[in-house]
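Please read these notes alongside the model.

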Amino acid sequence: GSSSSASKSSVQTIGEEQIQNPYTELLVLKGHQDIVRFLVQIDDCRFASAGDDGIIFLWNAQTGEKLFELHGHTQKITAIAPFSSSDASEEKSNLILTASADKTVIVWDCTTGRQVQKVSCFHSTVKCLTVLQRLDVWLSGGSDLCVWNRKLDLLCKTSHLTDAGISTLVELPKNCVAAAVGKELIIFRLIASSDKSEGWNILEVKRLVDHHDNILSLVSVNDLTFVTGSHVGELIVWDAIDWTKQASECNFWDSSVHPDSQTEIKLSQSPNETSVQHLTCDEECVFAAVGKGIYVYNLQMKRVIACQRTAHDSSVLHIEKLPNRQLISCSEDGSVRIWELREKQQMPAEPVPTGFFNMWGFGRANKQANQAAKKTQENTTMHFLELVGDLIGHSSAVQMFLYFGELGLVTCSADHLIILWKDGERESRLRSLTLFQKLAQNGDLQLKF
């Protein structure tokens, strides 16, 4: 029908309408038989994918070639983490850990595609895996928190926490971790016991109960700060050393806070509209996926400096900051969008009396007034997120993505597909170059002057 040809042409001409969107070429990677939920980068050009079919695939990000299929789990994958060895004596080996609803965790070798080790002593599903590279141990979180070494020996574990279990973990300084358990944040400290070389203890040191609903996302900003987000749109900035609350924002959806938005938003929000699905950050800002929107929270100013409250048609599931003031977001609605954080200069609300000083005074007073004017203007610099690219390719929720720099972008979806998005211009340059080299080798290239 005409509708299918219309959608097809929109994909082909994607680059013509979107000048700033480099991803004009796409490679579709097939293999998964169910929702693909996880992508994890292994090195500069390899990544792994996993999801509800329980199979892990290893891929080449440059070519889209399938390198290995890892079979070993019987149910869906619930967590995945890369674990590259830092041991100087060995060759640098790239390992990945996978946890599954079959209540096992497997360590895989990415170079051979082989299963290195399997642990099946869990009482419940492991929901998260975190590697503590400095201590050369890794943690599994579920109904309890376990600490493991590289050989998959269980070093220590907490007693059963709750039935809800740990949904997400973040590493903190001084051998601590923060674990989200329902609406509570529990701080644990790992202590190496003095008697045995391999002995460890894990102690619960603090429970933070500031959130009013389940904590869905955690991000570590730096050694001093981490941030948590909850199901009812609360964002809390924490001190990573003493675990005190530094700032919080919970009015994301309140239109009075953002006077530029429509007024009818105020009370009609269902909780899901306000849930903080994902957090990411750079040195200055935390970027929050809240409901269908994206919010930029400045850590110095302690306020939201820009937002796009309907960045997508449904929940934003994953966001990432790119090096060049750009953000990428993906959503349940099947779209992947590129945004640019731009400044729009606004005149100060109150006129600064520079004219008065210019007429009557000069020198010091004038200088001060100009500085005051400058300062007011700096404070009212508004930022906004401008849509610069829309990647149309998936037919169902896009769960997450990986940014591979110049190799492009990898997205995974509930449509069972993985798409490798490429910079069309770069790819065609590379193809011309390859062709040119081939012709030159074959001696078919007659350079005529």
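1. Which residues form one aromatic cluster? They are Phe122, Trp138 and Trp148. Rings of Phe, Tyr and Trp (its six-membered ring) count as a pair if their centres lie within 6.5 Å; planes under 30 degrees apart are stacked, over 60 edge-to-face, and the rest tilted. By that rule the structure holds five aromatic pairs.

2. Basis of the note. This is a predicted model, with residues numbered from 1 along each chain as its sequence is written. Local features need pLDDT of at least 70 and side-chain atom pairs 80 or more, while totals for chains, interfaces and linings use all residues; side-chain values use heavy atoms, without hydrogens or water.

3. The tilted pair. Phe122 and Trp148 sit 5.5 Å apart, centre to centre, with 55 degrees between the planes. Phe122 lies in the loop between β9 (114-119) and β10 (128-132), and Trp148 in strand β12 (residues 145-149), so this pair ties together parts that are 26 residues apart in sequence. Strands (E, at least two residues) and helices (H or I, at least four) are DSSP runs, numbered from the N terminus. Phe122 is buried at a relative accessible area of 12%. Trp148 is buried too, at 2%. Here buried means under 20% relative accessible area, exposed over 50%, and partly exposed in between (1.4 Å probe, protein chains only).

4. The stacked pair. Trp138 and Trp148 are also 5.5 Å apart, centre to centre, but with 15 degrees between the planes. Trp138 belongs to strand β11 (residues 137-141) and Trp148 to strand β12, 10 residues apart. Both Trp138 and Trp148 are buried.

5. A charge over a ring. Arg150 lies over the face of Phe83, at 4.4 Å from the ring centre. The criterion is NZ of Lys or CZ of Arg within 6 Å of the ring centre and within 35 degrees of the ring normal.

6. The largest nonpolar core. This core has 19 residues. Val137, Leu139, Leu145, Val147 and Leu190 touch the most other members. A nonpolar core is a set of buried Ala, Val, Leu, Ile, Met, Phe, Trp, Tyr and Cys residues joined through side-chain atoms within 4.5 Å. At least two residues come from each of β10, β11, β12, β13 (154-157), β14 (166-172), β15 (176-181), β16 (184-192) and β17 (200-208). Beyond four places in sequence, the contacts of Leu139 (heavy atoms within 4.5 Å) include Cys128, Leu132, Cys146, Leu169, Val177 and Leu190.

7. Cysteines. How many disulfides does a search of the whole structure find? The count is zero, taking a disulfide as a pair of cysteine sulfur atoms within 2.5 Å. The sulfur of Cys330 has its closest cysteine sulfur in Cys412, 7.5 Å away, too far for a bond. Cys330 is buried, at 0% relative accessibility. Cys128 is likewise buried, with a relative accessible area of 8%.

8. Positive phi. Trp243 is not a glycine, yet its phi is positive, about 60 degrees. Trp243 lies in the loop between β20 (235-239) and β21 (245-249). At 11% relative accessibility, Trp243 is buried. Arg325 also has a positive phi, near 60 degrees. Its loop runs between β26 (316-321) and β27 (326-331). Is Arg325 buried or partly exposed? Arg325 is partly exposed, at 40% relative accessibility.

9. Thr125. This residue is found in the loop between β9 and β10. Thr125 is partly exposed, at 23% relative accessibility. Leaving aside neighbours within four places in sequence, Thr125 contacts Thr78, Ser100, Ala101, Lys103 and Gly142.

10. The chain as a whole. The protein chain has five helices and 32 strands. Buried residues make up 50% of its 449 residues. Of the contacts with a separation of 6 or more, 47% are between residues 24 or more positions apart.

11. Confidence. The chain averages a pLDDT of 84, and 79% of the residues score at least 70. pLDDT is the predictor's confidence in each residue, from 0 to 100. Over residues 1-15 pLDDT stays under 50, and the model has nine contacts beyond four places in sequence for them. Residues 350-365 also stay under 50, with 13 such contacts. Where pLDDT is low, the predicted coordinates should not be read in detail.
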